[in-house]
Amino acid sequence: MRVRLMDIAHARSGDKGDTANVGVIALKPAWYPVLNTHLTRDRVAAHFAGIIEGGVDRFELPNLNALNFLLHGALDGGGTLSLKTDAQGKVYSTALLRMELDVPDEEARVAGLPAAP
Amino acid sequence: MSKTVRVAGGQGFWGDWPDAPRRQVDGGPVDYLMLDYLAEVTMSILQKQKERDPAMGYARDFVGAMEGVLPAVAERGVKVIANAGGVNPEACAAAVQSMAKAAGRPDALRIGIVTGDNLLPRIDELLAAGHELRNMDTGEPLSVVRDRVIAANAYIGSTPIVEALAKGANVVITGRSTDTALTMAPLRHEFGWGATDWNKLAAGIIAGHIIECGAQCSGGNCLHDWRNIPNLADVGYPIVEGSADGTFVVTKHPGTGGRVSVPTVSEQLVYEMGDPHAYITPDVVADFTSIRLEDAGPDRVRVFGITGAPATDKLKVSIAYKSGYKAVGSLVYAWPDALEKAELADRVLRERLDRMGLKFEKVLSEFVGASATHGRLAGDAGRSAPEVQYRVGVRDADRKKVERFTREIVPLVLNGPPSVTGFAGGRPKVEEIVAYWPALVDKTVVQTQVEIR
């Protein structure tokens with residue numbers, strides 16, 4: 001089943017130098033395992049290919065039903081150097097939420113995931 | 001009933017809501033008001049101001065904030081902790097004392113001044129002693145940019161703030177304290193936490209992380225259910241109700257707008273997060289994977305379970321150095337085919353720069369309304385946008401080249417593609433870039449001082 005990330009998670013992003021971080025939080029605790037299985041480092045790196053210049057790190061926070069991604073080389077140098085509108089990486093959060101996940105039907109049914117329209 | 005200490009967050013950065021500090025002390029009982037003024041680049045701005053005028057170099061907004069909360073400090077015993085001192089905490093304290101005197105309360109304040117974070121006068125001494133101050137991101141030694149350094153401050157922790165409170169200060173002004181120490185220090189002071197009570201110190205740091213960005217944990221900038229967050233016009237700034245065991249509740253004053261909930265606090269917890277297992281501060285290494293959140297009633301979230309590990313033997317140093325020039329300009333193109341016109345303008349501009357032989361370290365073009373923030377992920381929706389802002393910037397070490405670039409934008413209004421407006425600002429300004437150089441230094445190098453005035 002096709003699932004829109006924005007229907008199952010919320011997010012906030014920020015900066016540290018030239019790295020943006022995106023914290024992705026499951027809207028329901030039961031949806032965290034789905035995020036943890038399908039929102040992989042490779043999937044996120046592919047999503048931002050050509051948009052960021054460096055690699056991606058991924059951390060799990062099951063206590064907050066959240067994943068944290070570090071997007072390196074995301075801010076044209078970051079801080080005061082950057083020429084970008086989003087020099088502080090504030091809206092990488094919703095850029096990540098544009099992603100759609102392919103979740104096996106049975107897994108999606110058990111977790112009660114909303115299907116993409 | 002066990003003791004609760006209320007620490008209110010009243011300012012998330014220099015430029016935050018001017019009314020927030022006063023609202024925090026007038027809206028209900030609080031014991032401490034915490035005001036965070038310093039971002040990574042703020043110290044360099046303050047350093048420049050101090051060079052122009054030796055009586056400057058601190059966050060001047062703080063004097064106005066203190067005026068607003070002076071009755072609460074004088075009559076109800078509310079204490080204030082702020083890193084408003086910037087590169088000149090003494091001058092900041094003097095300005096606050098003058099304000100109190102002018103307000104007819106010359107004896108109301110006992111100001112604790114924390115200094116020792118400023119390493120600028122000691123850089124050559126440190127380099128000579130073998131402290132390379134390598135850039136934490138690139139690994140380069142500071143010697144590469146030494147002649148362009150304009151500010152250098154160590155991030156200092158809670159200990160000198162606790163010392164100032166123990167000496168009876170009711171206002172504590174620091175320079176480059178960590179944002180989180182401003183909240184942890186009063187909890188540590190009130191509950192007598194030791195310098196190796198790692199779990200409790202970590203809890204205090206995480207309480208600080210939650211409220212250091214002001215309303216960003218109480219409904220501001222909150223994506224979750226944003227349409228239904230009540231009354232943002234009257235948003236309540238956050239309050240930590242701390243307990244001796246390190247657990248705490250995040251809340252806000254009754255009757256204020258916004259929301260404190262597990263989702264609003266969770267969003268703030270992941271903000272600017274690195275490795276969640278190791279949130280390194282001068283006081284403790286906090287583990288964000290240990291945090292437990294629990295709904296504790298309307299606009300109340302209980303936080304518990306936090307663990308921490310021993311602090312490292314280093315302090316982070318925030319160094320600012322001059323790094324060339326930049327300029328960014330923009331024009332607005334209107335329907336029909338707004339994006340196509342803006343893209344043509346970009347090609348024309350770049351061709352003109354090429355013909356002049358102007359090469360820059362970086363030229364960045366963005367199309368606001370189409371793809372500026374999400375790039376190709378935004379898809380084709382921008383093709384039918386009713387208007388698109390063409391935004392173009394350059395960066396280079398040579399000021400003259402950047403200056404020349406700024407003259408090439410406005411002419412496009414008459415000699416480029418049609419349906420263009422939004423040029424009222426004229427030529428963009430050339431800005432000198434002050435860049436950020438994060439480094440580490442041995443803790444033993446930095447000695448803080450506390451003076452009560």
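Student: What makes the four strands of chain A an open sheet, and in which order do they come?

Tutor: The order is β2-β3-β5-β4 in chain A, with antiparallel pairing. Strands here are DSSP runs (E, at least two residues), while helices are runs of H or I with at least four, numbered from the N terminus. Two strands pair if DSSP finds at least two bridges between them. β2 and β4 of chain A are at the edges with a single partner strand each, so one side of each has no neighbour in the sheet. Before we go on, this is a predicted model: local features need pLDDT of at least 70 and side-chain atom pairs pLDDT 80 or more, while totals for chains, interfaces and linings use all residues. Residues are numbered from 1 along each chain as its sequence is written, with chains lettered from A and ligands numbered from 1 in the order in which they are written.

Student: How do you know that β3(A) and β5(A) pair?

Tutor: Six bridges join β3(A) to β5(A), and pairing asks for at least two. For instance, A:V22 has A:F69 in β5(A) as its bridge partner. Helix α9 (residues 262–269) of chain B packs on this sheet and touches β2, β3 and β5 of chain A.

Student: Why are α7(B) and α8(B) called oblique to each other?

Tutor: Their axes, lines fitted to C-alpha atoms over the stretch in contact, with angles from 0 to 180 degrees between N-to-C directions, cross at roughly 135° and come within 7 Å. Angles under 35 degrees count as roughly parallel, over 145 as roughly antiparallel, 65 to 115 as roughly perpendicular and the rest as oblique. The two helices are therefore oblique.

Student: Which residues of α7(B) and α8(B) make the contact?

Tutor: Among them are B:L187 and B:R188 of α7(B), and B:L201 and B:I205 of α8(B). Contact means that C-beta atoms, placed from the backbone, lie within 7 Å. By class, this contact has eight nonpolar, three polar and one charged residues. Nonpolar covers Ala, Val, Leu, Ile, Met, Phe, Trp, Tyr, Cys and Pro, charged covers Asp, Glu, Lys and Arg, and the others, Gly among them, are polar.

Student: How many residues does each chain give to the contact between chains A and B?

Tutor: Chain A gives 32 residues and chain B gives 42. On the side of chain A, β2(A) gives the most, with six residues. That side divides into 12 nonpolar, 12 polar and eight charged residues.

Definitions and conventions. Two residues are in contact if their C-beta atoms, placed from the backbone, lie within 7 Å.
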